[in-house]
Amino acid sequence: MSADNLTRTQRDDLRTIAAMIVPSSDAYKVPGADDPAIQADMLATLGRDTKLVAAALDHLARLAGAPLAELDAARREAVAQEFRKSGGAAAATLARVVLQCYYRDDRVLRSLGIEPRPPFPKGHVLPDGDWSLLDPVKARGGALRRAP
Amino acid sequence: MKDPVDVLIIGAGASGAAVAWSLAETKMHILCLEQGGWMNPAEYPSAGRDWEAKFYGEWSSSPNVRGRPEDYPINDDNSPIKVVNYNAVGGSTVMYTAHWPRLHPSDFKVRTLDGIADDWPVDYDALSPFFEENDRIMGTSGLSGDPLSPLTHPPMPQQPMGLSGAIIGKAMNKLGWHWWPSDTTVATMDYEGRARCINLGHCTPACAQGAKSSTDITYWPQAIRAGVELRTHCRVREISTDENGMASGVVYYDKDGVEQFQPAHVVIIACNGVGTPRLLLNSASSRFPNGLANSSGLVGKNLMFHPYAQIYGYVKEPTDSNRAPPTCLWSKQWYDTDPSRGFVRGFGVQFVRGAGPVFEAVVSEQKGILPWGEDHHRVFRKLNGHRLGFSAICEDLPEEHNRVTLDPVLKDSHGIPAPKISYTISENSQKMMDYALARGREILETAGATDICVNSPIPWGGWHLLGTARMGTDPERSVVNEWGRSHDVKNLFIVDGSIFVTSGGVNPTSTIQALALYIADQMKQRLANLFD
């Protein structure tokens with residue numbers, strides 16, 4: 001299965017619920033999870049999660065009774081809360097898909113002070129630390145339990 | 001009909017690689033059959049932008065989630081702890097945290113010291129030279145001289161303390177509790193062709209730098225150079241026996257899925273504490289109706305997992321997050337029995353440095369501490385890069401009702417019956433876990449952590465698969481003898497974690513490999529009368 005299996009309505013609901021999970025923020029200068037590039041990443045990489053995400057969107061549609069975006073704000077919020085509470089593994093998968101694509105977006109990572117790149121090959125630098133912190137442990141000593 | 005080999009090893013993971021390397025000097029014809037293939041570091045998660053997401057799919061630690069052709073399914077519905085493993089050349093050393101403690105000398109004398117379970121038929125002193133040899137080949141880093149751990153001599157210095165280690169160390173000092181830099185199999189300097197660690201951080205699902213030791217890059221290249229043959233994508237279905245009750249070879253499916261028979265004079269099983277009993281039970285025949293090597297009835301029984309009690313929280317200072325190997329320090333403060341605690345035996349602790357942004361977001365959303373909506377960004381910035389973790393590795397004791405059997409329905413892609421796990425956490429283990437969580441909370445609160453969360457047990461924490469073909473001197477109470485040979489089938493050996501008698505309170509791979517080297521050494525010493 002792939003994202004091609006999602007209907008237009010399901011894609012619209014995915015975009016709407018994604019924005020409810022992570023809305024855009026002027027204060028933090030970040031897009032929401034409904035951003036077109038982030039949505040495109042979700043659909044392109046849905047892969048093995050498609051079935052559960054589709055099930056989550058079906059559940060969402062049942063709760064909403066209409067396209068999510070067409071509900072008034074209060075009703076939409078109530079539906080989202082119920083979805084999060086009753087959606088089980090499918091809803092958890094949808095939330096995970098939204099978050100894993102959101103938190104690898106270049107703009108989002110930069111806003112967090114994280115360089116947008118894979119760990120390899122550059123790696124990271126780690127302070128060696130002050131190993132004199134171990135002095136009390138050495139001073140206290142101790143002994144292994146004796147084995148007869 | 002294929003020509004017989006002298007020694008046939010099933011499984012190319014931690015123990016299979018070690019035993020192959022050790023036996024290679026005999027110049028016997030040694031063949032290893034491995035159901036997985038060689039790994040390609042260029043495809044490891046940390047080489048791509050989707051490095052965290054892969055952990056939820058094809059790089060999951062669960063074979064049931066991963067579902068690669070090399071994996072076999074496991075029915076673990078009847079267990080609060082799910083089995084995790086990896087199937088490839090290197091086995092689960094491809095996918096592990098590289099935390100490298102050993103069992104303590106006292107772990108081999110549990111019955112004598114605490115009046116429970118059984119003593120091992122070997123002791124620490126017998127294994128000691130093989131621990132040292134294994135550390136040299138796997139390439140360990142650490143700081144010698146921990147007063148509460150067996151003396152080790154890591155050939156490389158310890159990992160950097162980093163930001164997280166300093167916070168933990170200060171908190172432990174305030175409480176007056178033991179801590180020490182962990183021995184690990186992460187290379188902290190260039191070592192035997194491996195490049196030093198550059199802190200990719202995402203160590204568990206394989207190291208693209210090759211700094212984390214796994215047997216595909218340590219033991220196997222040496223064993224193959226010494227003449228051992230390794231056939232990949234070959235899944236063994238059963239071990240055959242002859243009219244004398246000796247193992248005659250194995251039936252396996254080759255890389256094209258074609259059934260083959262490989263005769264052998266000696267068969268060594270190295271398939272871990274789930275794969276080994278599965279294979280023995282699948283090898284039932286008219287001569288061995290209850291499964292091969294199972295006259296004791298103990299094949300598959302006494303499964304021990306190490307329930308993990310994990311607690312974590314968030315401090316105001318930045319932590320190392322994903323910018324370092326996940327484990328850095330251990331504690332043995334609560335390793336030994338103290339009757340005042342209300343349980344016997346104890347636990348080791350591994351401290352965890354932090355998490356990457358995707359993992360932090362996903363887990364915190366699931367825990368309910370990361371909200372949806374407007375406040376999401378503020379809360380995420382409070383959590384991300386500020387996590388500290390404490391994981392207690394609780395000693396599981398052997399109980400026969402915790403076991404591996406064959407699932408009557410579930411099969412792998414070759415139609416071979418899959419293993420079924422039946423496991424419950426004992427009252428003793430539960431008390432230990434609760435006690436550990438209370439100590440972890442004290443540590444985290446001393447470090448100033450808030451938003452404290454608990455995973456107890458870690459549900460996807462069944463890394464350590466032990467005890468299901470235990471060793472012992474009594475054929476009625478054990479599956480293999482004190483040097484790994486089946487009591488029932490005198491040319492059949494087991495060298496993996498299934499032969500553990502008790503589990504200790506530490507990650508077991510170092511001890512598994514030391515045992516495999518010890519058994520290989522015993523075999524070499526007895527070659528003239530190996531089957532007597």
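Q: What is the mean pLDDT of chain B?
A: This is a predicted model, in which local features need pLDDT of at least 70, side-chain atom pairs count only at pLDDT 80 or more, and totals for chains, interfaces and linings use all residues. Residues are numbered from 1 along each chain as its sequence is written, and chains are lettered from A and ligands numbered from 1 in the order in which they are written. In chain B, 100% of the residues reach a pLDDT of 70 or more, pLDDT being the predictor's confidence in each residue, from 0 to 100. The mean for chain B is 97.

Q: What ipTM does the model score?
A: Two scores are given for the model as a whole. The pTM is 0.97, and the ipTM is 0.97.

Q: Which helix of chain B gives the largest share of the side that touches chain A?
A: In the interface, 56 residues of chain B are in contact with 42 residues of chain A, a contact being two C-beta atoms, placed from the backbone, within 7 Å. Helices α5 (162-175), α8 (357-367) and α9 (376-383) of chain B each supply at least two residues of that side; helices (H or I, at least four residues) and strands (E, at least two) are DSSP runs, numbered from the N terminus. With seven residues, the largest share comes from α5(B).

Q: How many residues on the side of chain B that touches chain A are charged?
A: Ala, Val, Leu, Ile, Met, Phe, Trp, Tyr, Cys and Pro count as nonpolar, Asp, Glu, Lys and Arg as charged, and the others, Gly among them, as polar. On this side of chain B, 25 residues are nonpolar and 20 are polar. The number of charged residues is 11.

Q: Which strand of chain B pairs with β8(B) in the antiparallel sense?
A: Strands of a sheet pair through backbone hydrogen bonds, either parallel or antiparallel. Two strands count as paired if DSSP finds at least two bridges between them. Strand β1 (residues 5-10) of chain B runs parallel to β8 (residues 259-269) over five bridges, and β16(B) is joined to β8(B) in parallel by three bridges. The antiparallel partner, over five bridges, is β7(B) (residues 247-253).

Q: Which residue in the hairpin of β7(B) and β8(B) takes a positive phi near 80°?
A: Across the two strands, V250(B) has Q262(B) in β8(B) as its bridge partner. The hairpin has five residues between the strands. The residue with the positive phi is G257(B).

Q: At about what angle does helix α7 of chain B run to β13(B)?
A: Strands β3, β14 and β13 of chain B form an open sheet in the order β3-β14-β13, with mixed pairing. Helix α7 (residues 272-282) of chain B lies across β13 and β14. Axes are lines fitted to C-alpha atoms, for helices over the stretch in contact, and angles run from 0 to 180 degrees between N-to-C directions. The angle to β13(B) is about 65°.

Q: Why does A98(B) count as buried?
A: A residue is buried if 20 or more other C-beta atoms lie within 10 Å of its own, exposed if 12 or fewer, and partly exposed in between, with C-beta atoms placed from the backbone. A98(B) is in the loop between β3 and α3 (110-114) of chain B and has a positive phi of about 70° although it is not a glycine. A98(B) counts as buried because its C-beta neighbours inside 10 Å number 28.

Q: Is D451(B) buried or partly exposed?
A: D451(B) is in strand β15 of chain B, and its phi is positive, near 50°. Most residues other than glycine have a negative phi, and most peptide bonds are trans. Because D451(B) has 18 C-beta neighbours inside 10 Å, it counts as partly exposed.

Q: Which residue is joined to S456(B) by a cis peptide bond?
A: The omega of this bond is about 0°. The proline concerned is in the loop between β15 (450-455) and β16 (492-494) of chain B. The residue is P457(B).
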